[in-house]
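Here is a short briefing to read alongside the sequence and the structure. Please keep both in view as you go through the points.

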Amino acid sequence: MEIGARFLHRPGRTATETDNVLFSALTMNTQPLHLDAAWAGGSPFGERLVNSMWTLSTMVGASVSQLTLGTLVAQLGMSDISFPAPLRHGDTLYTETEILDARRSASRPGQGVVTMRHIGRNQDGVVVATATRVALMWCEDADPARQAAVPAPAAEE
């Protein structure tokens, strides 16, 4: 990973009411701001908002195919998480990632520690979420036995 590299993860993901209700129910988050239209209507936002943990999870998920699919050993942590603006039903979340730091692990040969910043914006370009994520990842020159563990593309005949 090159420090300073930026990745735009596409397509975006439009947040639906179903996404919000199911995610909130599955995670046992009974916050009325996500589930109770009458209660949320009286809130400063005037309506239900998408669960911020859905937003965070979707940002990370959007990055997988470009950054960590087949390369992730473990997620080490997340920090500096913020939600500066709400995501609403019908908004589309677009995610980008910047590589902040990358170094070889001192204790795990063939692995490295990568620090990345995820930024989520709605369809109007408004930042709705940010998070710094640290991951333990396989290096390109990792042990060949590890390489064999990742399925190779099917050979053409």
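This is a predicted model: local features need pLDDT of at least 70, side-chain atom pairs count only at pLDDT 80 or more; totals for chains, interfaces and linings use all residues.

By the rule used here, the count of salt bridges comes to eight.

**The sheet**

- Strand β1 (residues 6–14) runs antiparallel to strand β3 (residues 92–104), and six bridges join them.
- Ten bridges link β3 with strand β4 (residues 111–121), again in the antiparallel sense.
- β3 and β4 make a hairpin with six residues between them, and Gly-110 in the turn has a positive phi of about 80 degrees.
- Tyr-94 stands opposite Arg-121 in β4.

**A buried threonine**

- Thr-132 is found in strand β5 (residues 127–138), and with 11% relative accessibility Thr-132 counts as buried.
- Leaving aside neighbours within four places in sequence, Thr-132 is in contact with Gly-77, Met-78, Ser-79, Asp-80, Leu-100, Thr-115, Met-116 and Arg-117.

**Salt bridges**

- Glu-98 and Arg-6 meet through their side chains in a salt bridge (3.3 Å, N to O); Glu-98 lies in strand β3 and Arg-6 in strand β1, so the pair ties together parts that are 92 residues apart in sequence.
- Glu-98 counts as buried at 15% relative accessibility, whereas Arg-6 counts as exposed at 51%.
- Asp-19 and Arg-13 also meet in a side-chain salt bridge (2.7 Å, N to O); Asp-19 is buried at 16% relative accessibility, while Arg-13 is partly exposed at 36%.
- Arg-48 and Glu-17 form a further salt bridge (2.7 Å, N to O); Arg-48 lies in the loop between α3 (37–41) and α4 (52–67) and Glu-17 in helix α1 (residues 17–26), so this pair ties together parts that are 31 residues apart in sequence.
- Arg-48 counts as buried at 15% relative accessibility, and Glu-17 as partly exposed at 41%.
- Salt bridges that share partners join Arg-6, Glu-96, Glu-98, Arg-117 and Arg-121 into one network.

Methods: Residues are numbered from 1 along each chain as its sequence is written. Side-chain values use heavy atoms; hydrogens and water are left out. Two strands pair if DSSP finds at least two bridges between them. Helices (H or I, at least four residues) and strands (E, at least two) are DSSP runs, numbered from the N terminus. Buried means under 20% relative accessible area, exposed over 50%, partly exposed in between (1.4 Å probe, protein chains only). Contact means heavy atoms within 4.5 Å. A salt bridge is a side-chain nitrogen of Lys or Arg within 4 Å of a carboxyl oxygen of Asp or Glu.
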